[in-house]
Amino acid sequence: MTPGPDQVIACPNCGALEQHGTLVAGNTGRRVSWSDLKVVSPFLRQPPKFVICHACHSCYWLADAPGVGLMPGPFNDPADWPRVNPAWRMAPVVAEPEEAQYYAFLSADLPDDRDQQFHLRMLAFQRRNDSFRSDLTIDDPKPDPVTGEAILSGDAHANVSSLLGLMDPNDSQLLFLSAELHRALGEFDIARDLFQRTTALPDLKVWASKLATLSEKQIATVRKLT
Ligand SMILES: [Zn+2]
């Protein structure tokens, strides 16, 4: 992976400066895909798409933040960048909202656009799952922890219910995701049936078959696919 210069941006709400790395070149080595469709590529690191301002705590799409300037990244020679504003160096690195911050934003500032709603609710679902990610794969039938909150409840449950409401139940491309959302809700019979109907792609079919088995065992937590 070859990092590029660091990008400085301004919060669209208050103008506070933040920064994130850029990438000149990367690859998908050691990529991990998860059953909730999150993909982590350590050699293709990207900043979060949706972030929370450290100063005013408003949330925004990183793509909507105006760029302020570039400064040397870890692979750049600072001698080649003589005119970097000192305030830029002090700017914190952009951060994704915590799970509760997603729900607060969705409650107060729900976008009118359905695609944005869908995207945000997916990010909130994946954020919620972050605390449940482990080395367990879809081949591992280890039961969920008895004391944990493996099955969604409260705001997390409401978020995924709303997410399902945004999806076309007849769209075969969404069957896998729909099944996974029902599994997370603890609706295991529905999840199993939807996974068994997922036949779109060969890889997906194999994963879906294994997740159908986990559904039968009433396992709700997110699993590694690869
Ligand atoms: Zn701000």
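Which residues of helix H6 (residues 188-197) are buried? In this predicted model, the buried residues of H6 are Phe188, Ala191, Leu194 and Phe195. Because they cover an arc of only 130 degrees around the axis, they lie on the same side of H6. The points below follow this helix and its surroundings, and then turn to the zinc site.

**Helices H6 and H7**
- On the other side of H6, Asp189 and Arg197 are exposed, while the cover over the buried residues of H6 includes helix H5 (175-184) and helix H7 (202-216).
- H7 has 15 residues and reaches 21 Å from its first C-alpha to its last, which is close to the 21 Å expected at 1.5 Å a residue.
- The buried residues of H7 are Leu204, Trp207, Ala208, Leu211, Ala212, Leu214 and Ser215, and they are placed on the same side of H7 because their arc around the axis is only 160 degrees.
- Among what covers these buried residues of H7 are H5 and H6.
- Just after H7, Gln218 adopts a positive phi of about 60 degrees.

**Zinc site**
- The zinc ion has as its protein donors the SG atoms of Cys11, Cys14, Cys53 and Cys56, lying 2.3 Å from it, and the site is tetrahedral, with angles of 107 to 112 degrees among the 4 donor atoms.
- Along the chain, the donors of the zinc ion follow the spacing C-x2-C-x38-C-x2-C.
- Distant parts of the chain are linked by the pair Cys14, in the loop between strand S2 (6-10) and strand S3 (17-20), and Cys56, in the loop between strand S7 (50-52) and strand S8 (59-61), which are 42 residues apart.
- Cys14 is partly exposed, with a relative accessible area of 38%, and Cys56 is partly exposed, with a relative accessible area of 27%.

How values were computed:
Residues numbered from 1 in each chain as written. Predicted model: local features only at pLDDT ≥ 70, side-chain atom pairs only at ≥ 80, totals over all residues. Heavy atoms only, no water. Buried < 20%, exposed > 50% of the residue type's maximum accessible area, 1.4 Å probe, protein only. Helix = DSSP H or I, 4+ residues; strand = E, 2+ residues; numbered from the N terminus. Arc of directions from axis to C-beta. Contact = heavy atoms within 4.5 Å. Expected span 1.5 Å × (residues − 1). Donors = N, O, S within 2.8 Å, 3.2 Å for Na, K, Ca; no water. Tetrahedral: all angles 85-135°; square planar, octahedral: opposite > 155°, others 65-115°.
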